[in-house]
Structures are given as C-alpha cells and as structure tokens.
Amino acid sequence: MENVFVMDHPLIQHKISMLRDCRTGTNEFRKLVEEIAVLMGYEAFRDLPLMEVEVRTPIESCRTPMISGKKLAVVPILRAGLGMVSGILTLVPSAKVGHIGLYRDPVTHEPKEYYCKLPESIEQRVVTVVDPMLATGGSAEAAVNFIKEKGGKQIKFLCIIAAPEGLERLHRSHPDIQIYCGHLDRGLDENAYICPGLGDAGDRIFGTK
Ligand SMILES: O=P(O)(O)OC[C@H]1O[C@H](OP(=O)(O)OP(=O)(O)O)[C@H](O)[C@@H]1O
Ligand SMILES: O=c1cc[nH]c(=O)[nH]1
Ligand SMILES: [Mg+2]
C-alpha cells in the first residue's frame, strides 16, 4: 500500500516483543515505548527536506546539509500517545506539541473527543500524530480529521502496533497521510483489542486499571 510503512528493524521488533510480555511492568513499559518512538521517528523523518548551509569548520568553510526551516508538530492522541512524545522530541527538540483527547466508547468502540489543542500555523507544519495502538482505526481517523479541519496538510501517523482492520480504515479515509507501523498484528477480538497485541497501552504506560 502506498504511504504505508511497516517497520522491519530488528531493534524495533525486539523491543515490541518485550512490550507484549505481560510481565513487563509500568516503568520498563514506559521506557520501551519511548525508545521505540525514537527508532520509528528516525525512519519516519527520512524524508524531511534538507538545505545547504555555509559552515566554517576548524579547517575551512563548506556548504553542508541541515534540516530546512520546515516547522514540525507532534500530536499525541491521549492518553497512550503521550508515551511516545519524549522519544520524538529527542529527535526534533524544537517541534511544537498539540494534544487530542479521545477515548473509545466501551460498547460501540467509536472514539469520543474530550480535548483538542493544536499549535499555531498547523497548515505550515509537518504534523506527526502518535498513538501506540491502531485497532479499529476510529481514533486515528478522528484525530486526522481534526488536524485537517484546522488546516493540517502534511501528516504522518506513527503507531507501534496496528491491526489490519485499523490500517485499512485509516488508509482508506486518509490515503494522503504516511502511516508508519512498528508491527502489523493478526486482527481484533470481540472487544476490538488487538491480537496478540499488548493489552491496553494507556493502562500499561500509566499503571492504571
Ligand atoms: O483504533 P481504535 O479502535 O480507535 O483504538 C485505539 C485507541 O484505543 C486506545 O486508547 P483508549 O481509548 O484506550 O484511551 P486511553 O489512551 O486513554 O487509554 C489507544 O491508545 C488508541 O487511542
Ligand atoms: O489492543 C488495544 C486496542 C485499543 N487500545 C489499546 O490500548 N489496545
Ligand atoms: Mg486505553
């Protein structure tokens, strides 16, 4: 699928396996989510535009590439997406941070909005939406809808684990955005949880249940 990238890096796969393990506690889980976000961000930012700048080394002056003045924003889907923000900011520390609050209705599994605050001039930014889990795709689809309604144009979506159902829904609704998945799992169960998945990402990051 065009614009869909499933990661195959061994470090990402290894860390995802550790996340899945039900014996992995909150502290370690949170660290792993952050580390995976760094590794996924490294791949996802491959296409950031560069420009040549003049730099004087101790030897001589040269023209050398730096990230062009493109503005960046990272937008976690609350709560679980918060766990990936620090990893992305490690790579792009000057990015602005927006927040979109959504939770899944326990019966319909459709997303309910409770918060949305995005950085200014969103239309000029590369917007990286982060959420560890892409299950039915309802939350990601709604988040991208909000960002587009506010003018966002260049959007990337990063998830650690995707179900085929959610990936297809998000790609069908928003074929223009780039979707990066750490791993594509088998599918959803009757409660719309990803199988084998890792359980409830928000609860495991924040130690709630
Ligand atoms: O693709 P979907 O079917 O929409 O499911 C994925 C969403 O479910 C989880 O959030 P949850 O509703 O558990 O909220 P939380 O992060 O506050 O725990 C997850 O972090 C995604 O946002
Ligand atoms: O498996 C799932 C599905 C939705 N949200 C999660 O946190 N986990
Ligand atoms: Mg949750």
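This is a predicted model: local features need pLDDT of at least 70, side-chain atom pairs count only at pLDDT 80 or more; totals for chains, interfaces and linings use all residues.

I looked at strand S4 (residues 71-78) first: 6 bridges join S4 to S8, and the two run parallel. Strands here are DSSP runs (E, at least two residues), helices likewise (H or I, at least four), numbered from the N terminus. I take two strands as paired if DSSP finds at least two bridges between them. Proline 76 has valine 130 of S8 as its bridge partner.

Residues are numbered from 1 along each chain as its sequence is written, with chains lettered from A and ligands numbered from 1 in the order in which they are written.

Next, the other neighbour of S8. I find 5 bridges from S8 to strand S10 (residues 154-162), again parallel. Valine 129 stands opposite phenylalanine 157 in S10.

Is S8 buried or exposed? I count 6 of its 6 residues (125-130) as buried, so S8 is largely enclosed by the rest of the structure. Buried means 20 or more other C-beta atoms within 10 Å of the residue's own, exposed means 12 or fewer, and partly exposed is in between, with C-beta atoms placed from the backbone. In a regular strand, side chains alternate between the two faces of the sheet. I checked both faces of S8: Arg125, Val127 and Val129 are buried on one side, Val126, Thr128 and Val130 on the other.

Then helix H3 (residues 82-91). Its buried residues are Leu82, Gly83, Met84, Val85, Gly87 and Ile88. Their cover includes S4, S8, S10 and helix H6 (201-206); I count a contact when C-beta atoms, placed from the backbone, lie within 7 Å.

Leucine 78 and arginine 79 are joined by a cis peptide bond, omega about -10 degrees, and arginine 79 sits in the loop between S4 and H3. Another cis bond joins cysteine 195 and proline 196, omega about 0 degrees; proline 196 is in the loop between strand S13 (194-195) and H6. Histidine 109 is not a glycine, yet has a positive phi of about 65 degrees. Histidine 109 lies between strands S6 (99-104) and S7 (111-117), in the loop, and counts as partly exposed with 15 C-beta neighbours inside 10 Å.

Last entry: which residues surround ligand 2? I list Ala80, Met133, Ala135, Tyr193, Ile194, Gly197, Asp200, Ala201 and Gly202, taking C-beta atoms, placed from the backbone, within 6 Å of the ligand.

Key: Two residues are in contact if their C-beta atoms, placed from the backbone, lie within 7 Å.
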